[in-house]
Amino acid sequence: MSPAHRDDGEFTAIGRATEILKQFRTGSGTLSAAALTRRTGLPKSTVYRMVGDLVRVGLLERDGRDYRPGLLLFEIGEAVPRQRDLREAAKRHLSALHEATQHNVGIALLDGFDVVHLEMLRGVEGPRLPQHSGGRWPAHASASGKAILAFTADGCVQFPAELKRFTECTVTSRTALDAELKMIRRRGVAFDRQEAVTGVVGVAAPILGPGSEVLAAVSMSGRAGRFNMGKMDAAVRTTAIAVSRELAAARSIVRPVLRGS
């Protein structure tokens, strides 16, 4: 049962507020009350009442006739130790990788069956991607997602009944995905062979914590035909190891989000 619901299946007040706030994870950053009603499926009167309450407490702000995330959400997000530790530990290493390769590089962690991109640095010649900082993407169609899944303990992630297809190359068979995850565990690096976006390839390596627990993944992507995955995998693995060591040296306690739903 979703934490947004009561035992009788109805939304709680905090559940309704959460559903509204979740709609700002994608899009332009501003949404109208009508768009929020459409996206959440909540009654119009409920949405108008809830956004008014969220504005009053600072979780949302008015932008003309629309709404956008409020400063309080930013302040709360900056206070989350997991994100702060990962970003701080990874920032210098990601910047070095970005400057050396001029490709798109980033860091992501697992949330349910999606990867959430904590940081994404765009390469000058890098392709424009639907993934962005703060955005999410299904793990099976992502080099970062597969890198994390491969090193996550059995039973910690609930796989969806169907794996969504994004391109002709997307792996949609659970059997095929399991076989690939085994290969990733052996070689320590995952590849995206135009599985998320046609014409874009990528490579990712896991960031490991104490006891080889997977915390997140470092990734790099570029245009197919101009991105040598065989050469770039070593650079990505080296960066992931460097971030892992920095976290260990700082004794940061970092845990991935594994909701299993």
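Trainee: What should I know before I start clicking around?
Mentor: It's a predicted model, where local features need pLDDT of at least 70, side-chain atom pairs count only at pLDDT 80 or more, and totals for chains, interfaces and linings use all residues. Residues are numbered from 1 along each chain as its sequence is written, and side-chain values use heavy atoms, with hydrogens and water left out.

Trainee: OK, helices H6 and H7. At what angle do their axes cross?
Mentor: Roughly 75°, and the axes of H6 (residues 143-150) and H7 (residues 174-187) come within 9 Å. That makes H6 roughly perpendicular to H7, a label for angles of 65 to 115 degrees.

Trainee: Which residues in H6 meet H7?
Mentor: Lys146, Ala147, Leu149 and Ala150, and on the H7 side they meet Leu177, Glu180, Leu181, Ile184 and Arg185. Contact here means heavy atoms within 4.5 Å.

Trainee: Lys146 has a charge. What does the side chain of Lys146 meet in a salt bridge?
Mentor: Glu195, at 2.8 Å from N to O. A salt bridge is a side-chain nitrogen of Lys or Arg within 4 Å of a carboxyl oxygen of Asp or Glu. The two are 49 residues apart, with Lys146 in helix H6 and Glu195 in the loop between strand E7 (190-193) and strand E8 (200-208).

Trainee: Is Lys146 buried or exposed?
Mentor: Buried, with a relative accessible area of 0%. Glu195 is buried too, with 3%. The cut-offs are under 20% for buried, over 50% for exposed and partly exposed in between, using a 1.4 Å probe and protein chains only.

Trainee: How many salt bridges are there in the whole structure?
Mentor: A search finds 10. One of them joins Lys22 and Glu19, with the closest N and O atoms 3.2 Å apart. Both lie in helix H1 (residues 13-22), 3 residues apart, or about one turn of the helix. Lys22 is partly exposed at 32%, while Glu19 is buried at 16%.

Trainee: Switching topic, what does Asp114 pair with?
Mentor: Arg136, with the closest N and O atoms 3.3 Å apart. Asp114 sits in strand E5 (residues 114-121) and Arg136 in strand E6 (residues 136-138), so the pair ties together parts 22 residues apart in sequence. Asp114 counts as partly exposed, at 21% relative accessibility.

Trainee: And which residues are linked in a network there?
Mentor: Asp111, Asp114 and Arg136 are linked by salt bridges.

Technical notes: Axes are lines fitted to C-alpha atoms, for helices over the stretch in contact, and angles run from 0 to 180 degrees between N-to-C directions. Helices (H or I, at least four residues) and strands (E, at least two) are DSSP runs, numbered from the N terminus. Angles under 35 degrees count as roughly parallel, over 145 as roughly antiparallel, 65 to 115 as roughly perpendicular and the rest as oblique.
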